[in-house]
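Trainee: Could you take me through this structure feature by feature, giving the general idea before each case?

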Amino acid sequence: MATSRLDDPTPPAPIPRSFTDYVKSFGPGFVVILTWLGSGDILSAGISGGNYGYALMWAMVFALLMRFFFVTTIAKYQLCNPHGEGVLDGLVRLHRWYAPFLLVVAVIVAHINGTYMVAGVGEIMVELTGAGREWQWALVWVVVGLVIIFRPVYARVEWVFKGFMVLMTVSLLGTAIWVGPDLAGILKGVLTFQLPATQGPFGAMVVAMAMVGAVGGSLMNLVYPYFLEQKGWRGPAYRRVQTYDFMLAMGAMILFNLAVWTLGAELVHAGGSRIGTLDDLTGLLGIVLGNGGRLLFFLGLFGAVYTSLLGCGLGLGCLASHAYRRWRTPEAPPTDHRLHPVYRLVAVWTLVSPLVWVFTERADFVRLTLLVNTLMVVLIPALAGGLWWITASPRLIGPRYRNRWWENLLMGFLFVLALWGAVESVKSAAEMLD
């Protein structure tokens with residue numbers, strides 16, 4: 001395949017030298033956390049808070065810590081390895097079958113993720129406007145998404161995501177502050193590892209495993225390097241700005257999760273209700289805060305779901321393009337993966353293929369969300385094991401940046417935990433489908 005258009009990557013970005021430079025540089029962290037912070041996080045947090053109060057909050061905290069460490073490890077390899085290659089290239093150095101494996105998984109996950117996100121966008125817009133049908137709104141926003149991601153300009157994408165970040169801050173934090181969090185309940189939920197009895201249609205283990213899949217680690221962790229590339233961050237000199245950017249973004253992610261959890265715990269659980277549908281999550285907002293509060297929450301939910309849909313198209317398109325080129329051309333030169341036909345195919349596939357289910361109106365937003373994020377945990381052992389290897393090997397990442405003993409200890413612990421989580425996620429998914 002000709003590569004004449006593919007060997008001109010994004011030029012390096014200026015390295016920040018002052019506080020103002022750092023603030024202006026921030027961006028990839030916000031893009032990736034809004035890609036993650038979709039309906040999986042929102043519904044897992046809302047359902048957990050609504051059905052179990054603050055009892056399962058430890059699972060969210062644990063999942064966030066696991067994700068932070070995983071993605072920090074990914075970024076370290078991306079920026080600091082001596083080969084000037086991406087994370088996928090490092091995994092292929094371990095075994096060439098990582099490339100076709102990740103290509104196939106990216107295509108499958110793109111459709112599955114897109115299905116519940118497109119369904120969610122349509123359902124939310126009907127709730128916001130009170131007009132139209134779900135498939136009509138889904139089609140409108142899919143077309144808008146295609147315009148944004150088919151030939152993306154990263155700077156424009158970053159500003160779109162920052163705009164949604166402002167919307168979600170006003171919406172989710174605003175409604176949570178309006179309702180009022182129980183600080184003592186939050187501390188108890190974080191520090192006591194409770195697994196309460198099943199309440200409502202979703203068991204505690206199903207919800208906990210879905211939370212680990214949505215927050216703690218998934219294939220979507222591997223899209224972060226492509227946002228770093230598109231920003232122009234390549235090499236160890238960008239490690240500091242990348243760390244600050246990601247820490248700030250993760251702080252925002254924690255606040256959003258806590259906000260939605262508070263809404264579920266205070267409005268649903270405190271009133272003795274249970275969550276089984278999306279209307280259950282928002283119905284009490286209309287009662288307690290009025291229709292304005294309910295619509296404000298839906299705006300934030302729309303922002304979370306739609307940015308995740310866009311991020312999946314952007315990220316999985318790049319991952320699939322990279323995997324395809326490494327599979328077909330092992331010594332492929334550095335490239336802008338967005339210019340390859342496979343990127344466009346997968347980006348379109350992510351947004352368009354789910355419309356089949358939306359048109360038939362057979363998409364169950366809540367159940368699809370929990371099922372997908374529960375099954376995501378199955379992928380973690382293959383990713384965790386590979387990442388552990390390439391970041392521990394001085395041959396692959398270099399002696400200066402290889403894992404220290406405590407990092408290897410933690411990665412080993414997470415790998416064992418990933419194996420356990422994969423088994424439990426299959427059991428949980430089977431329980432939910434019964």
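Predicted model: local features only at pLDDT ≥ 70, side-chain atom pairs only at ≥ 80, totals over all residues.

Mentor: Residues are numbered from 1 along each chain as its sequence is written, and side-chain values use heavy atoms, with hydrogens and water left out.

Trainee: Which residues have the most contacts inside the largest nonpolar core?

Mentor: In soluble globular proteins, nonpolar side chains tend to be buried together. A nonpolar core is a set of buried Ala, Val, Leu, Ile, Met, Phe, Trp, Tyr and Cys residues joined through side-chain atoms within 4.5 Å, where buried means under 20% relative accessible area, exposed over 50%, and partly exposed in between (1.4 Å probe, protein chains only). Here the largest such core has 119 residues, and Ile-33, Trp-36, Leu-219 and Leu-316 have the most contacts inside it. Its largest share, 16 residues, comes from helix α13 (residues 278-328); helices are DSSP runs of H or I with at least four residues, numbered from the N terminus.

Trainee: Which helix is mostly covered?

Mentor: That is helix α11 (residues 224-231), with eight of its eight residues buried, and among them are Tyr-224, Glu-229 and Lys-231. Just after α11, Gly-232 takes a positive phi of about 95 degrees.

Trainee: Which aromatic residues form one cluster?

Mentor: Rings of Phe, Tyr and Trp (its six-membered ring) pair if their centres lie within 6.5 Å. A search of the whole structure finds 12 aromatic pairs, and Trp-36, Phe-68, Tyr-224 and Phe-246 form one cluster.

Trainee: What lies over the face of Trp-36?

Mentor: A charge sits over a ring if NZ of Lys or CZ of Arg is within 6 Å of the ring centre and within 35 degrees of the ring normal. Arg-67 lies over the face of Trp-36, at 3.9 Å from the ring centre, and the charged end of Lys-162 sits over the ring of Trp-159, 5.0 Å from its centre.

Trainee: Is Gly-53 buried or exposed?

Mentor: Gly-53, in the loop between α3 (39-52) and α4 (57-80), counts as buried because its relative accessible area is 4%. The C-alpha atoms of Gly-53 and Gly-185, 132 residues apart along the chain, are separated by 8.3 Å.

Trainee: Where is Val-143 placed?

Mentor: Val-143 is in helix α7, and it counts as partly exposed because its relative accessibility is 46%.

Conventions:
Helix = DSSP H or I, 4+ residues; strand = E, 2+ residues; numbered from the N terminus. Phe/Tyr/Trp six-rings, centres within 6.5 Å; stacked < 30°, edge-to-face > 60°.
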